[in-house]
Amino acid sequence: MSDTDRQSSTAKLSRRDALKISGVTGLAGVIGGRALVESRSAEDTGEQNGELVKTICNHCAVGCGLKVEVADGQIVGQESWDNHPINEGGLCAKGSATAQSAQSPNRLKEPLYLEDGNWMQYDDWGDAISEVAQELDRIRDEYGPDSTMWMGSAKVNNEEAYLFRKLAAFYGTNNVDHQARICHSTTVAGLANTWGFGAQTQTVPDVKNADANLIIGHNPAESHPVAMRYIQETRQNGGEVIVAEPRRTKTAAHADEYVRFRPGTDIAFINGLLHHIVFNLNAHDEEFLSERVYDWETAKSNIEDYDLETVSDITGTSVSDLEATAEALADAETSTIEWSMGSTQHSNGTQNIRSYAILNLALGHSAQSGGGLNPFRGHSNVQGATDLCILSHSLPGYYGLDEDAWRHWTNVWNETPSTSGSITYSEMRERFYNEEFMHKEGLTVSRWYEGALDDDTRKSDLHQPEQVRAVVVWGHSMESLSELKRVKQALENVELVVVVDPFPASAGVLGEREDGVIMLPASTQVETPGSVTNTNRSVQWRFETVPEPAHNARHDWQIMVDLADELGFGEHFDYEEIEDVTREYNLGMRTIGQIGQTPARLKRQAEQSEVFSSEDLQADVPDDHELAGEYWGLPWPCWHEDHPGTPILYDDSKHPKDGGLDFRARWGVEDGDGTTLLRDSYEPSWWNEEIFGVPQYPNWHTVLPDGDNPAAKTIPIEYAESEQHSPYETAVELAEQGYDVDPGEYEEYDHSQPDPPTGRGRARATTPNLHDEVPVYREPIETPRPDLAEEYPSQDEITDHFRLDLDNRGNQQQFIEEEIDESYPLALTTGRQVEHQGGGATTRSTLGTASRAPMMYAEVNPTVANDLGVDTGDWVWVRTDPGSMLVQVKVTERVGEGTVFMPFHWSGLFEGKNITDRYPDDAQPRVVGDSANIGTSVGYDVETCMQATKATLCSVDVADDDEVPDLPEEQQQYQEYRYPRNER
């Protein structure tokens, strides 16, 4: 960080009183917007002469800003960033403890390796990196590059996510994936196959402009607390908030209406709403559907089968509740649907999201302020890490894995001035086992373990040369994965486990091993410079806060650079600064327009955040101001260095140069029957002529500018935005310059008009490329209604699905034959706690969050608790077919009599046994518990391999006294403070 950058992003602190932090009540508090780390004492009340550095919270993906206090090269506290346009200074419990996390004494402090069951310290970082590289080289030479699995992070910044995917590519494998696979892969697939892009269509503040907001599979009061202010503003503005969930969440307490349905029946529920809207109310928008949506009639025919009585029987929701919900949406001028992992983590998750999109399209509420779809992402940079494609089926920017995709990225890696290396497609191909595996989707984080197991009862065929022998776990929580007992077995079966994380992640301790584990301490993101993309596609810059991370940690990107060098391809990673990486991906990320978000522009916005409106995220400045027209974070697509960003996707009411867009024409110009896939013409207010439907502009996603200015306009982008050029003229110009383009394919599209480079197409109500063309209901694999499984069966077996076979229907039939519903009469679903994040490695090791939420628990209905004879705090076994969890009870009417809820942030116990003795000394988490994912279902989405954690069958039994585990003394104190025995 330059002196200029630091000066513009910091401010001197005035004299303030410190906070007293002591005993079990020692939580990080905020006074006047200020919080101190736990090491600061009550006596430290003198003059503070530190500086405040702007950064972005590293928990959920709302993208809240905060200021970190730095003194003498150390993080010592934090203050609010009051004019940050998204959160305006507000933070949740997790964000308020950010500085505490960075300075936590429970962090991993030195590079370590496991020898004879003991953790040993390397002499220096060089030795650690060298051994990791030597072992990875050995495994590559002995078994081939696909005998490794690379699990990346949704926490690292965009630059580090990009480098991680590039690192796996140069190693020679597509066995590379990250958390998005198990949180929003079905969102991306569902939306990208409907609208064109797989992302949130609105901004976080724009939610307040909806007349109706259907929140389903999402509990923002706990998962995205700062975003709740905008949901509450919806009601203040006269809009209606409806929560539809199996569990009455804290969000439901803030809603106008709460509707309960059975876990896993989302598609039936939505199709029932559609049936009432279309066939009973005739309230669908025929004009919108005719002009901008492909094959509505097929989707309409499917909806006809879901009458309200049928849907009520499937979901358990009353007909009157279905009617009221549908009518509230139909009466709204605009409506939005909001969801998170409660909707995505199902064996039919992609079609869940497709059903939401079709409902929004049917109402004509898409592509406008206050209307659209809002998948709220869970990790701070899971959107960015997905865009940069730490994914086993794609290269950065969602280019896929075919030859054209690899040629594009090898061209980028060859042309970039950020590194000294040169590479051709042929040379890259030689790094892989063979050309087939270069283009073949790899293993996923959700099922990687099957690739590492010897034969077990559920192992399917493995479609690669050798099984997995080494796993690199970089900022990923194993306790986030379902079938965790099999994950544990896989970690014990591989030859090498490499863990890179600020805290000792569970991957390093879950397996019962004596050796073969290496742990490398990464910096926290609050210590790290770089860009991060929030849930609404806004890209923000984190300034470097301290000269060096705490302890002997290192920045993730620096570890990657050194590892690449040791692996023999360092010339492709010899970046001088993190901004070099940003400029390299700006050069290549053409498809989604992550081009114009240059380091200079992002830093400039952060330095002048006060000019951006929290209403619409646009800079409120004169026309001659350097930020004029820009939206906060330049939300992608941002097509070039002068583009303002796109706050609302598919909004055709704006000129493309002002952030206007249309549905992508990504599926061509017509289907196999000759039906057009381009939109009807229209007459917008910003243009004095008719605008026609056109295809994507030729070579828009592969033509590169000069590498020295990666955000410059290229011919396709310049001509698309221009009022004087057409797709045909673009093709002619490109052909004259030697590009492989046939102008004849574009001759009929000689309309000189402003367009987005992605063309002007239609949203798709049907998707011929997916297993189900329209969203049909399929009963959960573990079902309490075997009769419905016969009428609405899960999908049939799929061969070679991300290198493994998938047989959801076979598992469903097996469970029915075993009468699993008799042994496990309750439905288990999982979700979040406001104080914890992801697998909880950070928040369960941070005082301010661990002490606020010290108990892993199972929510049970009072009727069930009464039958068992238990009360809050008592220990029970929650048992499922995959495994058992020993947890404490929380008695509440939030869940119905047939449902059990557990949070998924926990580890440190395994089936009731304390495993903290496997952690390095002084690095155990403060609070521990059994992981909910020991017991979650064996189902996976047929499109994306998303795990199905939200609809598992379980039983609950009282634990014997001698089964109760020993909890850390500190945790017991926290629990007694939160749940006094005399109140249980």
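1. The side chains of Arg 262 and Glu 779 are joined by a polar contact of 2.8 Å. A polar contact here is a pair of N or O atoms within 3.5 Å; within protein, one must be able to donate a hydrogen and the other to accept it, and residues adjacent in sequence count only if both atoms are side-chain atoms. The model is predicted: local features need pLDDT of at least 70, side-chain atom pairs count only at pLDDT 80 or more, and totals for chains, interfaces and linings use all residues. Residues are numbered from 1 along each chain as its sequence is written, and side-chain values use heavy atoms, with hydrogens and water left out.

2. Arg 262 sits in the loop between strand E11 (257-260) and helix H10 (266-280); helices (H or I, at least four residues) and strands (E, at least two) are DSSP runs, numbered from the N terminus. Arg 262 has a relative accessible area of 16% and is therefore buried (under 20%; exposed is over 50%, partly exposed in between, with a 1.4 Å probe and protein chains only). Beyond its neighbours within four places in sequence, its contacts include Pro 246, Ile 314, Tyr 777 and Leu 788 (contact means heavy atoms within 4.5 Å). The C-alpha atoms of Arg 262 and Pro 246 are separated by 5.6 Å, at 16 residues apart along the chain.

3. The whole structure contains 26 aromatic pairs. Rings of Phe, Tyr and Trp (its six-membered ring) pair if their centres lie within 6.5 Å; planes under 30 degrees apart count as stacked, over 60 as edge-to-face and the rest as tilted. Tyr 162 and Trp 409 have ring centres 5.9 Å apart and planes at 50 degrees, so this pair is tilted. Because Tyr 162 lies in helix H5 and Trp 409 in helix H18, the pair ties together parts 247 residues apart in sequence. Both Tyr 162 and Trp 409 are buried.

4. Tyr 777 and Tyr 792 form an edge-to-face pair, 5.3 Å centre to centre with 65 degrees between the planes. Tyr 777 and Tyr 792 are 15 residues apart, and both are buried.

5. Ring pairs link a cluster whose members include Tyr 162, Trp 409, Phe 573 and Tyr 585. Tyr 585 is also one of the buried residues of helix H23. Ten of the eleven residues of H23 (578-588) are buried, and these pack against H5 and H18, among other elements.

6. The charged end of Arg 469 sits over the ring of Tyr 143, 4.6 Å from its centre (NZ of Lys or CZ of Arg within 6 Å of the ring centre and within 35 degrees of the ring normal). Arg 554 lies over the face of Trp 125, at 5.5 Å from the ring centre.
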